[in-house]
Amino acid sequence: MLLSAIVAVSENNVIGRDGHLPWHLSLDLKRFKAITTGHSIILGRKNYDDIGRPLPNRTNYVLTRNPNFVAEGCIVCGNLQQAISAAEAAGESEAFIIGGAAVYREAMPLVKKLYFTKVLSQVDGDVFFPEWGEGWRMVSEERFEADEKNDFPTVFQVWERD
């Protein structure tokens, strides 16, 4: 199974503010949906709380240390390896790490493909994307300008490593 991550990151490495995304980027949300639909997503409990529901047409693995946590329509796992193993056992071809910061930090050494949205702005925030590690190469890049549905110009990139 391919383990991938998908994230939008500002020029100053921000991915969140006050428990939410610090921007509205319609194109990025559409890209996220197109890429992750039909696959497994792995997310932390705080990220799940922000979304407020399981994302449709995806197997949602929510990570929490709370053994009593219940998320209807999701598979609750006590750690990242448990979620990865469950997705693999279910026959998943590509599972996606979708945040937050602690989940990205733990998963990045294992991730082989990164769907990266570079938000071309300095943004105030309190959650940051961790270091990626070594050996990445960009395999595609596409730029979009800001408009009425997208707060900032963005660059969609896909990165891979062996």
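# Working through a predicted model

Tutor: This is a predicted model. The protein exposes about 8,500 Å², and carbon and sulfur atoms supply 49% of that area.

Student: OK. What share of the residues counts as buried?

Tutor: Of the 162 residues, 47% count as buried.

Student: And what is the radius of gyration, against what a compact globule would have?

Tutor: The protein has 15 Å. A compact globule with 162 residues would have a value near 15 Å, so the two agree. The C-alpha atoms fill a box of roughly 40 × 35 × 25 Å, taken along the principal axes.

Student: How many helices and strands are there?

Tutor: There are 4 helices and 10 strands. From the N terminus on, the order is β-β-α-β-α-β-β-α-β-α-β-β-β-β.

Student: Contacts next. Of those between residues at least 6 apart in sequence, what percentage joins residues at least 24 apart?

Tutor: That comes to 65%.

Student: Which strands does it pair with?

Tutor: Strand 6 and strand 7. Strand 1 runs parallel to strand 6, with 4 bridges joining them. With strand 7 the pairing is also in the parallel sense, over 7 bridges.

Student: Which residues stand opposite each other there?

Tutor: Serine 4 stands opposite phenylalanine 96 in strand 6. Alanine 5 stands opposite leucine 114 in strand 7.

Student: And strand 7 with strand 10, parallel or antiparallel?

Tutor: Strand 7 and strand 10 run antiparallel, joined by 7 bridges. Lysine 113 stands opposite glutamate 160 in strand 10.

Student: Switching to helix 1. Which of its residues are buried?

Tutor: Helix 1 covers residues 26-36, and Ser26, Asp28, Arg31, Phe32, Ile35 and Thr36 are buried.

Student: What do the buried ones pack against?

Tutor: Five strands: strand 1 (2-10), strand 3 (40-44), strand 6 (94-97), strand 7 (113-119) and strand 10 (154-160).

Student: What follows helix 1?

Tutor: Glycine 38 follows helix 1, and its phi is positive, near 90°. Histidine 39 is found in the loop between helix 1 and strand 3.

Student: Histidine 39, then: buried or exposed?

Tutor: Buried. Its relative accessible area is 17%, and buried means under 20%.

Student: Which side chain makes a polar contact with it?

Tutor: The side chain of glutamate 92 does, at 2.8 Å from the side chain of histidine 39. Leaving out residues up to four places away in sequence, histidine 39 touches Asn57, Arg58, Thr59, Glu92, Ser93, Glu94 and Phe96.

Student: Now the core. Which residues have the most contacts inside the largest nonpolar core?

Tutor: Val7, Ile42, Ile97, Val111, Leu114 and Phe129, in a core of 26 residues. Strand 1, strand 4 (59-63), helix 3 (80-89), strand 6, helix 4 (101-107) and strand 7 each supply at least two residues of this core. A second, separate core has 15 residues, including Ile6, Ile35, Ile41 and Ala71.

Student: What does valine 111 touch?

Tutor: Not counting residues up to four places away in sequence, valine 111 touches Leu3, Ser4, Ala5, Ile97, Trp136 and Arg161.

Student: Last one. Where is glycine 125?

Tutor: Glycine 125 is in the loop between strand 7 and strand 8 (127-128). It is partly exposed, with a relative accessible area of 29%.

Student: How far apart are glycine 125 and proline 22, in sequence and in space?

Tutor: They are 103 residues apart in sequence and 6.9 Å apart in space, C-alpha to C-alpha. Glycine 125 touches Val14, Gly16 and Arg17, not counting residues up to four places away in sequence.

How values were computed: Residues numbered from 1 in each chain as written. Predicted model: local features only at pLDDT ≥ 70, side-chain atom pairs only at ≥ 80, totals over all residues. Heavy atoms only, no water. Buried < 20%, exposed > 50% of the residue type's maximum accessible area, 1.4 Å probe, protein only. Contact = heavy atoms within 4.5 Å. Pairing = 2+ DSSP bridges. Polar contact = N/O pair within 3.5 Å; in protein donor to acceptor, adjacent residues only side chain to side chain. Rg over C-alpha atoms; globule rule 2.2 N^0.38 Å. Areas by Shrake-Rupley, 256 points an atom, 1.4 Å probe, with all protein chains shown as cover. Core = buried A, V, L, I, M, F, W, Y, C linked by side-chain atoms within 4.5 Å.
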